Amino acid sequence: MPHPAATKTVLIIAASRGLGLAMAETFLERGWNVVGTVRAGKRTALHELAAKPPARLEIETVDINVPDEIAALRARLAGRRFDLLFVNAGVANAHPNQSLAEVDTDEFVRVMVTNALSPMRVVEALQDLVTPTGTIGVMSSGQGSVANNTQGKRELYRGSKAALNTFMRSFAARHADGTRAMVLMAPGWVRTDLGGPDAPLTLADSVPSLVEVLIAAEGQAGLRYLDYRGRTVPW
């Protein structure tokens, strides 16, 4: 059932497929206006969603690994205000179970830039578009938890998400007297292109609860690291 939030708007960075697309669908179902981003160049499932009623979905283009494109998005959105900014972009390396020493240097840079540096560039660039009592969210992972890393594996991906968590903690420290909620979200292991076919959760298992956690965060200033059920994840 839709929430009484028809005037609320979410900006989802990277909403063309997987978790981001499912989040866009779920926010629309809950009565929100949605602005979702894709990379330029081809029609995506988000375009198909935008063609369906209700007409509350707008599409923007940005490649977050290109700083000039982030700046251009910021310029296009000048004057807009969002109740929630959520940065969903992320990748895994081609051979996820390689040890870090086995990872190609270019692949290391690609994953770290996409998963840690670029999301923070987006947060820094777009933070002032979020309402004072709104929420800034970033898609992290349970694998970004240093405390929970007792099995190893997926070393580069783990490291990139742990770096993202650290950078968000630094951002939160610099804005300690701010009023916005900040959430690092662990969605669980979900069957997407990134999660793979062996993941135990479906999008329907994770995303509706994840969205509810984000909605509930409004008005709670400061940074939290939460899973899709709202439970605190150890740093």
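Reader: In this predicted model, which residues are in contact with Asn-115, leaving aside its neighbours within four places in sequence?

Author: Asn-115 is in contact with Gly-90, Val-91, Tyr-157, Ser-160, Lys-161 and Leu-164 once those neighbours are set aside. Asn-115 itself belongs to helix H4.

Reader: What makes the link between the side chains of Asn-115 and Ser-160 a polar contact?

Author: The distance that joins the two side chains is 3.0 Å.

Reader: How do you know whether Asn-115 is buried or exposed?

Author: The relative accessible area of Asn-115 is 0%. Buried means under 20%, and therefore Asn-115 is classed as buried.

Reader: How far apart are Asn-115 and Leu-223 in sequence and in space?

Author: They are separated by 108 residues in sequence and by 18 Å from C-alpha to C-alpha.

Reader: Why is helix H3 called roughly parallel to helix H4?

Author: The axes of H3 (residues 67-76) and H4 (residues 105-126) come within 10 Å and cross at roughly 25°. Because angles under 35 degrees count as roughly parallel, that crossing makes H3 roughly parallel to H4. The crossing is right-handed.

Reader: Which residues form the contact of H3 with H4, and what is its make-up by class?

Author: From H3, the residues are Pro-67, Ile-70, Leu-73 and Arg-74; they meet Ser-118, Arg-121, Val-122, Ala-125 and Leu-126 of H4. By class, this contact has 6 nonpolar, 1 polar and 2 charged residues.

Reader: Why does Ala-14 count as partly exposed?

Author: Ala-14 has a relative accessibility of 24%. Buried means under 20% and exposed over 50%, with partly exposed in between; the value of 24% therefore places Ala-14 in the partly exposed class. Ala-14 is located in the loop between strand S1 (9-13) and helix H1 (18-29).

Reader: How do you know which kind of peptide bond, cis or trans, joins Pro-53 and Pro-54?

Author: Omega is about 0° for this bond, and the bond is cis. Most peptide bonds are trans. Pro-54 is placed in the loop between helix H2 (45-50) and strand S3 (57-61).

How values were computed: Residues are numbered from 1 along each chain as its sequence is written. This is a predicted model: local features need pLDDT of at least 70, side-chain atom pairs count only at pLDDT 80 or more; totals for chains, interfaces and linings use all residues. Side-chain values use heavy atoms; hydrogens and water are left out. Axes are lines fitted to C-alpha atoms, for helices over the stretch in contact, and angles run from 0 to 180 degrees between N-to-C directions. Helices (H or I, at least four residues) and strands (E, at least two) are DSSP runs, numbered from the N terminus. Angles under 35 degrees count as roughly parallel, over 145 as roughly antiparallel, 65 to 115 as roughly perpendicular and the rest as oblique. A crossing is left-handed if the near helix is turned anticlockwise from the far one by less than a right angle, and right-handed if clockwise. Contact means heavy atoms within 4.5 Å. Ala, Val, Leu, Ile, Met, Phe, Trp, Tyr, Cys and Pro count as nonpolar, Asp, Glu, Lys and Arg as charged, and the others, Gly among them, as polar. Buried means under 20% relative accessible area, exposed over 50%, partly exposed in between (1.4 Å probe, protein chains only). A polar contact is a pair of N or O atoms within 3.5 Å; within protein, one must be able to donate a hydrogen and the other to accept it, and residues adjacent in sequence count only if both atoms are side-chain atoms.
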